[in-house]
Amino acid sequence: MVEVVRHRPAGVYAHGPHGMQTTPKLAGKVAIVTGSGRGVGRAVVLKLAGEGARVVVNDLDAEPAEEAANAIRALGGEAVVCAGDVATPDFGERLVSTTLEKLGRLDIIVNNAGYIWNTTIQNHTDEQWYAMMDVHATAPFRILRAAAPYLRAAARQEQADGRLVCRKVVNVSSISGVYGAATQLGYSAAKAAAIGITKTLAKEWGRYNVTVNCVALGHISTRLTEPLTTGPKAIVVKGRELNVGLQPEALDLIHALTPLGRGGTPEDAAGAIYLFCIPESDYVSGQVLICSGGLIF
Ligand SMILES: NC(=O)c1ccc[n+]([C@@H]2O[C@H](COP(=O)([O-])OP(=O)(O)OC[C@H]3O[C@@H](n4cnc5c(N)ncnc54)[C@H](O)[C@@H]3O)[C@@H](O)[C@H]2O)c1
């Protein structure tokens with residue numbers, strides 16, 4: 001078992017040489033992170049808040065969303081909860097208007113909400129296909145469309161004022177969307193769509209100084225990928241019981257094939273997403289970063 005050493009906990013700002021405090025990288029920024037009540041999204045909101053961003057926590061399930069927001073507040077950060085299903089047609093409008101009403105601006109959007117619903121193609125139903133498309137492709141499209149008028153108006157105002165403010169979109173995809181994965185037909189197609197959305201919007205929104213990038217995750221330890229040591233496991237998503245988890249032997253094989261020799265943590269995934277949220281990546285757009293410990297198939 002490898003112990004992953006964290007450089008510093010969320011909520012504690014960086015210190016430069018000689019213990020001098022440096023400005024948090026995301027001070028003054030406002031970030032939306034969908035599906036941030038658990039797993040990768042929760043690690044992302046903690047990371048962004050730890051760097052000074054005020055965050056909007058969204059999740060299908062209100063309870064974990066409130067818990068994540070309270071964890072941020074306990075560290076001295078500011079968090080607003082906008083619970084709800086990102087796949088609901090008017091959710092994008094609600095999410096963006098809540099953000100602007102409560103926090104007054106919008107700088108970073110991380111489209112992370114998602115889940116798996118796996119079966120071989122002969123058992124793939126239309127309902128399953130559309131559920132995967134709805135949450136991983138249609139929901140990010142609607143959220144980004146809802147943000148477009150604000151992003152355009154803000155960019156025009158800043159250009160008129162002679163200021164250059166870079167805003168950020170990060171779409172969370174999967175190595176399944178890049179390389180495919182047996183039993184994940186709808187999921188992999190939807191995660192590939194997230195890459196298409198990324199590349200097109202990077203071209204459309206450069207004029208507004210918005211970078212649009214994608215992080216394709218490999219195996220990250222969350223409830224979706226837990227080892228099935230005591231039999232099958234299921235999660236309930238929108239009233240449906242869906243099988244999750246991996247056989248311990250399959251996990252061992254994945255780790256053995258991974259150059260870094262282990263699965264990723266939610267914090268590892270959040271670190272990759274964070275790279276596209278900070279000023280150092282202001283001239284990087286339309287890219288897909290694979291965060292998989294070096295596993296590339
Ligand atoms: N864990 C992995 O190995 C892995 C690998 C590749 C990609 N991903 C992607 O990373 C993202 C996060 O997954 P995770 O592993 O952290 O899973 P998770 O289940 O731990 O967390 C995902 C969160 O998203 C929420 N969510 C699901 N559907 C939603 C909806 N319709 N509206 C709002 N919230 C919703 C869930 O309630 C949950 O809290 C997903 O998009 C997933 O497809 C994960």
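**Figure 1. Helix H2 and its two sides.** On the face of H2 that points away from its buried side sit the exposed residues Glu63 and Ala74; exposed stands for over 50% relative accessible area, buried for under 20%, and partly exposed for what lies in between (1.4 Å probe, protein chains only). This is a predicted model, in which local features need pLDDT of at least 70 and side-chain atom pairs count only at pLDDT 80 or more, while totals for chains, interfaces and linings use all residues. Residues are numbered from 1 along each chain as its sequence is written, and side-chain values use heavy atoms, with hydrogens and water left out. Helices (H or I, at least four residues) and strands (E, at least two) are DSSP runs, numbered from the N terminus. H2 covers residues 62–74, 13 residues in total, and reaches 18 Å from its first C-alpha to its last, close to the 18 Å expected at 1.5 Å a residue; the expected span is 1.5 Å times one less than the number of residues. Its buried residues are Pro64, Ala65, Ala68, Ala69, Ala71 and Ile72. Looking down the axis of H2, these buried residues fall within an arc of 155 degrees, so they line one face of the helix; the arc is taken from the directions between the helix axis and the C-beta atoms. They pack against helix H1 (39–50), strand S2 (54–57) and strand S3 (79–81), where contact means heavy atoms within 4.5 Å. After H2 comes glycine 76, with a positive phi near 95 degrees.

Figure 2. Valine 57 belongs to strand S2. Is this residue buried or exposed? Valine 57 is buried, at 0% relative accessible area. Leaving aside residues up to four places away in sequence, valine 57 touches residues including Ala65, Ala68, Ala69 and Ile72, which are also among the buried residues of H2. Other contacts of valine 57 include Val33, Val45 and Val81. Valine 40 is 17 residues from valine 57 along the chain, and their C-alpha atoms are separated by 12 Å.

**Figure 3. Helix H3 and its packing.** The end C-alpha atoms of H3 (residues 91–103) are 18 Å apart, which agrees with the 18 Å that its 13 residues should span at 1.5 Å a residue. Buried here are Phe91, Gly92, Leu95, Val96, Thr98, Thr99 and Leu103. Down the axis of H3, they fall within an arc of 160 degrees, so they line one face of the helix. Their packing partners are strand S1 (30–33), S2, S3 and H4. Glycine 104 follows H3, and its phi is positive, near 80 degrees.

**Figure 4. The largest cavity.** Searching the whole structure gives four cavities of 30 Å³ or more. On a 1 Å grid over the protein atoms alone, a cavity is a set of points where a 1.4 Å probe fits but cannot get out, and lining residues have an atom within 4 Å of a point. The largest cavity has a volume of about 70 Å³, volume being the space filled by probe spheres set on the points. Of its 14 lining residues, the closest to the centre are Asn111, Asn112, Ala113, Val135 and Pro140. Which element gives the most to this lining? H4 does, with five residues.

Figure 5. Threonine 183 has a phi near 80 degrees, a positive value in a residue other than glycine. Threonine 183 lies in the loop between helix H5 (175–179) and H6, and is partly exposed, with a relative accessible area of 33%. Asparagine 209, in the loop between H6 and strand S6 (210–217), has a positive phi of about 60 degrees although it is not a glycine.

Notes: 1 Å grid on protein atoms, 1.4 Å probe; cavity = no way out; pocket = protein on both sides within 12 Å on 5 of 7 lines; lining within 4 Å.
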